[in-house]
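User: I'd like to learn how to read a protein model feature by feature. Can you take me through this one?

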Amino acid sequence: MISPRRIPIFDGHNDALLRLYRRDGADAVKAFLEGEDKGQLDLPKAREGGFAGGLFAIFVPSPKRKSGAKKDSAAADGGSVIGNDPAPPAVDQAEAQRVVYGMASLLFRIERESQGRVRVCRSVEEIVACFNEDVLAAVLHIEGAEAIDDKFELLDVLYAAGLRSLGPVWSRPNAFGHGVPFRCPSSPDTGPGLTDLGKALIVACNRLGILIDLSHLNERGFWDVAAISNAPLVATHSNAHAISPHSRNLTDSQLKAIGESAGFVGVNFATSFLRPDGRFDKDTPLDLIVDHIVHMIEHVGEDGVGLGSDFDGAAIPAALASAAGLPKLVETMRERQFGEALIEKLCSRNWLRVLGRTWKSPHAL
């Protein structure tokens, strides 16, 4: 019997840069390129699991963040997923800019020292070239726009440097809008939407062709983007609220709007966003990830769903463990009678389609 061929996986969200940035002066570049026991994503794990590329997030931790706490976990900035805790405090712009520069520099050093094994990509054509050359494709993403000034001068500079994806907020308020706090059960309708500056940021991102990530926006902010943006609606790492009633997840009406815009949702592997009870329980079956995929396909369409793991940013099912375990998820899809053409769409083709439309470049496949 011939084994199914390895399908390249493009992933919508990881926090490897945050994990590496916190190494307190240790050799972060070497840790990523050579691999280590800790962490869910590095180059050896990516190669083992068929992780061919993804959006590498820059995230600025909130003040007084607990050391070692994962940002989408129960300890995320002092909050709890199950309960009614307030959003984490806002971040100072100067501190945010310092962290953005540091993490961006880290990604570029990884590229420079990788000897051609990692490449920062700015177009779909570059991502596809990486797939063909067995090079890890990294796309620069910022999660929470606290570093961006009100004249969007830094946005232009970051775009020139390679920024191609931006989440206006993380799960805390900033000058651009309001993120959803970590609550379960909870509606995502948790407060005001975008500010006037936030609405201007959406227009600026449209002008440059920067993907706007809806994942941490509350529901009113989501609908503000839907009314303003001329690009497909994209949530890089969110799940179905109908299955897991978490404030971080998307309602069926939101999923429908994403589908109508020819947009995209990347399924998040965080157990608290997968489970109906919102628990941080690593004993969560991979079938539950597939359940979310099935629900999203029903509401968005099979061309608008893919993966947004949240590697290194969340507790994920033990059966997956890290990027090296991705073939187990693909095999679970096969066991659920997903055809190979659909699996290819879910693993990478759908991501390339929506990136091509958003970045205003020809579809490369």
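User: How many helices and strands are there in the protein?

Analyst: Helices (H or I, at least four residues) and strands (E, at least two) are DSSP runs, numbered from the N terminus. Here the protein has 13 helices and nine strands. With a radius of gyration of 18 Å, close to the 21 Å that the globule rule gives for 365 residues, the protein is as compact as a globular protein of that length. That radius is taken over C-alpha atoms, and the globule rule is 2.2 Å times the number of residues to the power 0.38. Before we go on: this is a predicted model, where local features need pLDDT of at least 70, side-chain atom pairs count only at pLDDT 80 or more, and totals for chains, interfaces and linings use all residues. Residues are numbered from 1 along each chain as its sequence is written, and side-chain values use heavy atoms, with hydrogens and water left out.

User: What does the C-alpha trace span along its principal axes, and what share of the residues is buried?

Analyst: The trace spans about 60 × 45 × 40 Å. Buried means under 20% relative accessible area, exposed over 50%, and partly exposed in between (1.4 Å probe, protein chains only). By that cut-off, 62% of the 365 residues count as buried. As for the accessible surface, the protein has about 13500 Å², with 51% belonging to carbon and sulfur atoms. Those areas come from the Shrake-Rupley method with a 1.4 Å probe, and for residues only the protein chains shown count as cover.

User: Let's zoom in. Where is N174 found, and is N174 buried or exposed?

Analyst: Look in the loop between strand 5 (163-167) and helix 7 (196-208). N174 has a relative accessible area of 14%, so it counts as buried. For its side chain you want polar contacts: a pair of N or O atoms within 3.5 Å, where within protein one must be able to donate a hydrogen and the other to accept it, and residues adjacent in sequence count only if both atoms are side-chain atoms. A polar atom of the N174 side chain lies 2.9 Å from the backbone oxygen of P168, and the side chain also reaches the backbone nitrogen of F176 at 2.8 Å. Skipping neighbours within four places in sequence, N174 is in contact with A145, E146, P168 and V169.

User: Which peptide bond is cis?

Analyst: The one from C184 to P185, with omega near 0°. P185 sits in the loop between strand 5 and helix 7.

User: What does the side chain of S215 reach?

Analyst: It reaches the backbone nitrogen of T236 at 3.0 Å, and a polar contact of 2.9 Å joins the side chains of S215 and D213. S215 lies in the loop between strand 6 (211-212) and helix 8 (219-228). With a relative accessible area of 2%, S215 is buried. Not counting residues up to four places away in sequence, S215 touches A235, T236, H237, S238 and R248.

User: And what is phi of D134?

Analyst: Phi of D134 is near 60°, a positive value in a residue other than glycine. D134 lies in the loop between helix 5 (124-133) and strand 4 (136-143), and is exposed, with a relative accessible area of 52%. Q337 also has a positive phi, near 70°. Q337 is in the loop between helix 12 (326-335) and helix 13 (340-358), exposed at a relative accessible area of 69%.

User: How far apart are D224 and G198 in sequence and in space?

Analyst: They are 26 residues apart in sequence and 9.4 Å apart in space, C-alpha to C-alpha. D224 is in helix 8, and a polar atom of the D224 side chain lies 2.8 Å from the backbone nitrogen of L194.

User: One more: is T271 buried or exposed?

Analyst: T271 has 0% relative accessibility, so it counts as buried. T271 lies in helix 10 (residues 271-274), and a polar atom of the T271 side chain lies 3.4 Å from the backbone oxygen of R279.

Technical notes:
Contact = heavy atoms within 4.5 Å.
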